[in-house]
Amino acid sequence: MPPKSTQSNQSSGVTSSSGYLLTCDPPMKQFIIHLNDKKSADKKFILEDLDARHLLIKGDVRDEITRKVDEWMDENVFSTIERVGENLDTS
């Protein structure tokens with residue numbers, strides 16, 4: 001995904017930045033915000049929270065976010081195959 005840019009008017013005091021537009025579902029967005037909140041102020045990567053499904057993030061953390069999301073998904077996705085062969089009788 002190519003970086004998206006935000007332009008600014010220097011006379012207004014707004015700074016410009018570039019990053020990636022991240023589109024995800026609301027639960028994933030909350031996880032990514034949680035990752036951002038755990039970082040110190042100088043390491044935060046969310047440039048702007050746009051709406052319920054979109055974040056503008058710094059481009060240099062894209063791989064880190066992908067890795068953390070993959071780890072989170074691996075930890076939280078339950079597969080019925082893991083239960084094959086177990087005695088599930090509850091009587």
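This is a selection-by-selection tour of one protein model.

The model is predicted: local features need pLDDT of at least 70, side-chain atom pairs count only at pLDDT 80 or more, and totals for chains, interfaces and linings use all residues. Residues are numbered from 1 along each chain as its sequence is written, and side-chain values use heavy atoms, with hydrogens and water left out.

**Whole chain**

Colour by secondary structure to begin. The protein has 2 helices and 4 strands, arranged along the sequence as β-β-α-β-β-α. Helices (H or I, at least four residues) and strands (E, at least two) are DSSP runs, numbered from the N terminus.

Of the 91 residues, 20% are buried; buried means under 20% relative accessible area, exposed over 50%, and partly exposed in between, with a 1.4 Å probe and protein chains only.

Among contacts (heavy atoms within 4.5 Å) between residues at least 6 apart in sequence, 46% join residues at least 24 apart.

**The helix pair**

Select helix 1 (26-37) and helix 2 (residues 62-76). Their axes come within 11 Å and cross at roughly 120°, which makes helix 1 oblique to helix 2. Axes are lines fitted to C-alpha atoms, for helices over the stretch in contact, and angles run from 0 to 180 degrees between N-to-C directions. Angles under 35 degrees count as roughly parallel, over 145 as roughly antiparallel, 65 to 115 as roughly perpendicular and the rest as oblique.

Show side chains next. Pro27, Met28, Phe31, Ile32 and Leu35 of helix 1 meet Ile65, Lys68, Val69, Trp72 and Met73 of helix 2.

**Lys29**

Stay in helix 1 and pick Lys29. Lys29 counts as buried because its relative accessibility is 5%. Its side chain and that of Asp49 are joined by a polar contact of 2.5 Å. A polar contact is a pair of N or O atoms within 3.5 Å; within protein, one must be able to donate a hydrogen and the other to accept it, and residues adjacent in sequence count only if both atoms are side-chain atoms. Beyond four places in sequence, Lys29 touches Cys24, Asp49, Asp51, Ala52, Arg53, His54 and Leu55.

**Asn36**

Also in helix 1 is Asn36, buried at 6% relative accessibility. A polar atom of the Asn36 side chain lies 2.7 Å from the backbone nitrogen of Phe45, and the Asn36 side chain reaches the backbone nitrogen of Ile46 at 3.2 Å. Leaving aside neighbours within four places in sequence, Asn36 is in contact with Lys44, Phe45 and Ile46.

**Lys44**

Move to Lys44, in the loop between helix 1 and strand 3 (46-51). Lys44 is partly exposed, with a relative accessibility of 27%. A polar atom of its side chain lies 3.4 Å from the backbone oxygen of Asp37. Not counting residues up to four places away in sequence, Lys44 touches Asn36, Asp37, Lys39 and Lys58. A C-alpha to C-alpha distance from Lys44 to Val61 gives 9.5 Å, across 17 residues of sequence.

**Gly19**

End in strand 2 (residues 17-23) at Gly19, which is buried with a relative accessible area of 1%. Gly19 and Gly59 are 40 residues apart in sequence, yet 4.7 Å apart C-alpha to C-alpha.
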